[in-house]
Amino acid sequence: MNELGIVAALVAESRPLGPVSRPGAQPTTLADGTLLIVSGVGPVAAATGARRLLEAGAGALLSWGLAGGLDPSLEAGALVLPLEVISPEGHVLLASAIWRERVSGIVAARHPAYSGRLLSCREPLGSAAAKALAFRQTGAVAVDMESFAVAEVAAAERVPFLSVRAIVDTAHDAVPEVALSATRAGEVGLAMGRVLAALARSPGQLPALIRLARRYRTATRALSSVVESGALASPLLREVAGSALP
């Protein structure tokens with residue numbers, strides 16, 4: 001029960017971590033013993049994935065992947081290691097402070113990491129106006145769809161929780177509808193057929209889609225920098241867990 005368990009919603013988000021043999025099914029064991037599951041999009045899928053990781057022997061849960069920016073100061077590729085996560089209803093759960101501090105300190109040598117609050121929504125926030133409203137109402141610096149669900153499972157089972165997210169669309173960006181069509185709740189991959197069909201109906205969204213693709217690459221490089229830093233290695237987790245993690 002000392003291994004790290006990572007929940008990633010999409011195969012594309014998991015690639016910096018290593019190959020996944022069975023997306024959406026059972027956890028994959030990475031080279032260092034870390035357990036990784038690609039759960040599918042949304043809170044229900046993420047919670048199921050988190051529970052499967054615990055059943056497989058994980059002793060700590062990490063929500064991993066991409067996020068939308070709510071704080072206007074955060075650019076694409078910014079790394080967010082939130083101090084706490086908040087649900088749409090306003091319920092707040094804390095990340096493990098000592099674990100976050102250790103990971104942030106290691107990552108900082110390669111890439112600055114931001115703290116603050118992470119909002120988890122059930123649906124994407126696609127417009128700049130919706131993001132601005134969420135920022136005012138919650139004070140969250142970024143938004144995803146899975147972290148609060150993973151944090152709930154961790155709290156219920158009394159294991160440490162952490163979230164690592166990289167900003168793709170900033171607070172100023174409207175996510176094109178063609179991009180939103182790429183994923184649906186529970187899916188682990190990007191449905192490019194739906195994207196192409198939507199783009200055929202709305203070709204004027206192509207420039208925004210190209211811009212988003214560039215920012216996706218920037219965000220993915222930021223996630224890769226976390227992996228390359230060694231901050232997620234299971235031996236590090238065991239070292240910290242032995243003394244300070246709850």
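Does Arg215 count as buried, partly exposed or exposed, and what is its relative accessibility? Arg215 counts as partly exposed, at 24% relative accessibility. Keep in mind for every view below that this is a predicted model.

**View 1. The whole protein, before we zoom in.** There are 9 helices and 11 strands here. Of the 246 residues, 54% count as buried. Take the contacts between residues at least 6 apart in sequence: 78% of them join residues at least 24 apart. Searching the whole structure for salt bridges turns up 8, and some of them get their own close-ups next.

**View 2. Arg215 pairs with Asp173 in a salt bridge.** The closest N and O atoms of this pair are 2.1 Å apart. The two partners come from distant parts of the chain, 42 residues apart: Arg215 sits in helix H8 (residues 206-229), while Asp173 belongs to the loop between E11 and H6. Asp173 counts as buried because its relative accessibility is 13%, under the 20% cut-off. Arg215, at 24%, is partly exposed.

**View 3. Lys131 and Asp169 join a helix to a loop.** Their side chains meet in a salt bridge, 2.5 Å from N to O. Lys131 is part of helix H4 (residues 128-138) and Asp169 is in the loop between strand E11 (161-167) and helix H6 (177-180), so this pair ties together parts that are 38 residues apart in sequence. Lys131 and Asp169 are both buried.

**View 4. Helix H3 has a buried side and a face turned away from it.** The buried residues of H3 (residues 97-107) are Trp99, Arg100, Val103, Ser104 and Val107. They lie on the same side of H3 because they cover an arc of only 125° around the axis. An α-helix has 3.6 residues a turn, so residues three or four places apart point the same way. On the face turned away from the buried side, look for the exposed residues Ala97 and Glu101.

**View 5. Tyr114 and its contacts from elsewhere in the sequence.** Tyr114 lies in strand E8 (residues 113-114). It is partly exposed because its relative accessible area is 38%, which falls between the 20% and 50% cut-offs. Leaving aside neighbours within four places in sequence, Tyr114 touches Leu74, Ala78, Leu79, Val80, Leu81, Pro82 and Arg100. Arg100 is one of the buried residues of H3. Between Tyr114 and Ala166, the C-alpha to C-alpha distance is 10.0 Å, though they are 52 residues apart in sequence.

**View 6. Helices H2 and H5 cross at roughly 40°.** The axes of H2 (residues 43-55) and H5 (residues 147-157) come within 8 Å, and the crossing is right-handed. From H2, the contact is made by Pro43, Ala46, Ala47, Ala50, Arg51 and Leu54; from H5, by Ala149, Val150, Val153 and Glu157. Sort these contact residues by type and you get 8 nonpolar, no polar and 2 charged.

How values were computed: Residues numbered from 1 in each chain as written. Predicted model: local features only at pLDDT ≥ 70, side-chain atom pairs only at ≥ 80, totals over all residues. Heavy atoms only, no water. Helix = DSSP H or I, 4+ residues; strand = E, 2+ residues; numbered from the N terminus. Buried < 20%, exposed > 50% of the residue type's maximum accessible area, 1.4 Å probe, protein only. Contact = heavy atoms within 4.5 Å. Salt bridge = Lys/Arg side-chain N within 4 Å of Asp/Glu carboxyl O. Arc of directions from axis to C-beta. Axes fitted to C-alpha atoms, helices over the stretch in contact; angles between N-to-C directions. Left-handed = near helix turned anticlockwise from the far one by under 90°. Nonpolar A, V, L, I, M, F, W, Y, C, P; charged D, E, K, R; others polar.
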